[in-house]
Amino acid sequence: MKDFWPVPDVLAHLAGSWRVVRSVRDLASGGEGEFSGTTVFSPLEGGGLLHHESGTFTWQGVPRPAERTLRFLPGPRPGTADVRFADGRPFHDLDLTTGRHVTDHPCSADLYRGEFSVLDADHWRTAWRVGGPAKDLVLTTDYARDD
């Protein structure tokens, strides 16, 4: 059994800058890609964190700049988060009080199932399995705190 590192307050834990490496596999086509860059969690006015990710996404050997923005807002229970897209639409919940969390996000007819694992104070991982008529993907992201 894998040991996880409990996080009593997800927003306090994530604040700051993280180095990011993400592998992307398209199980239907066999295509593979990788993202490398930085994710910065900065304070939002009114509470929560703005998640801004930027770097390079290389898909089947072709690199291009990539970025995304999410909002991590205080969740319904102390220490948890409500993750939203940049435009405010709901994405998923996040509770790392045990060091591990599994969540779902339906997107049209596809389903995103995410597993979040905190490995220690400075490393965490997300693994998303995306399945449905439009997508058949596995995305695994490793985060390391940027000193």
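The following legends describe views of a predicted model.

**View A. The chain as a whole and its order of elements.**
The chain contains 1 helix and 10 strands. Along the sequence these elements follow the pattern α-β-β-β-β-β-β-β-β-β-β. The C-alpha trace spans about 40 × 40 × 35 Å along its principal axes. The radius of gyration is 15 Å, which agrees with the value near 15 Å for a compact globule of 147 residues. Of contacts between residues at least 6 apart in sequence, 38% join residues at least 24 apart.

**View B. The surface of the chain and its charged side chains.**
Buried residues account for 35% of the 147 residues. The chain carries 16 positive and 21 negative side chains. The centres of these two sets lie 3 Å apart.

**View C. The loop that holds E45.**
E45 is placed in the loop between strand β2 (32-43) and strand β3 (49-59). With a relative accessibility of 84%, E45 counts as exposed, because the cut-off for that class is over 50%. Between E45 and G79 there are 34 residues of separation in sequence, and their C-alpha atoms are 18 Å apart in space.

**View D. The stacked rings of F57 and W59.**
The structure holds 9 aromatic pairs. In the pair formed by F57 and W59, the ring centres are 6.1 Å apart and the planes meet at 25°, so the pair is stacked. The limit for stacking is an angle under 30 degrees. W59 has a relative accessible area of 23% and is therefore partly exposed.

**View E. The edge-to-face rings of F116 and W128.**
A pair of aromatic rings is described by the distance of the centres and the angle of the planes. For F116 and W128, the centres are 5.8 Å apart and the planes lie at 85°, an edge-to-face arrangement. F116 belongs to strand β8 (residues 110-120) and W128 to strand β9 (residues 123-131), so the pair ties together parts that are 12 residues apart in sequence. F116 is buried, at 4% relative accessibility. W128 is also buried, with a relative accessible area of 11%.

**View F. A cluster of aromatic rings.**
W18, F41, F72, W124 and Y143 are linked into a cluster by ring pairs.

Notes
Residues are numbered from 1 along each chain as its sequence is written. This is a predicted model: local features need pLDDT of at least 70, side-chain atom pairs count only at pLDDT 80 or more; totals for chains, interfaces and linings use all residues. Side-chain values use heavy atoms; hydrogens and water are left out. Helices (H or I, at least four residues) and strands (E, at least two) are DSSP runs, numbered from the N terminus. Buried means under 20% relative accessible area, exposed over 50%, partly exposed in between (1.4 Å probe, protein chains only). The radius of gyration is taken over C-alpha atoms; the globule rule is 2.2 Å times the number of residues to the power 0.38. Contact means heavy atoms within 4.5 Å. Lys and Arg count as positive and Asp and Glu as negative; His and the chain ends are not counted. The place of a charge is taken as NZ of Lys, CZ of Arg, CG of Asp or CD of Glu. Rings of Phe, Tyr and Trp (its six-membered ring) pair if their centres lie within 6.5 Å; planes under 30 degrees apart count as stacked, over 60 as edge-to-face and the rest as tilted.
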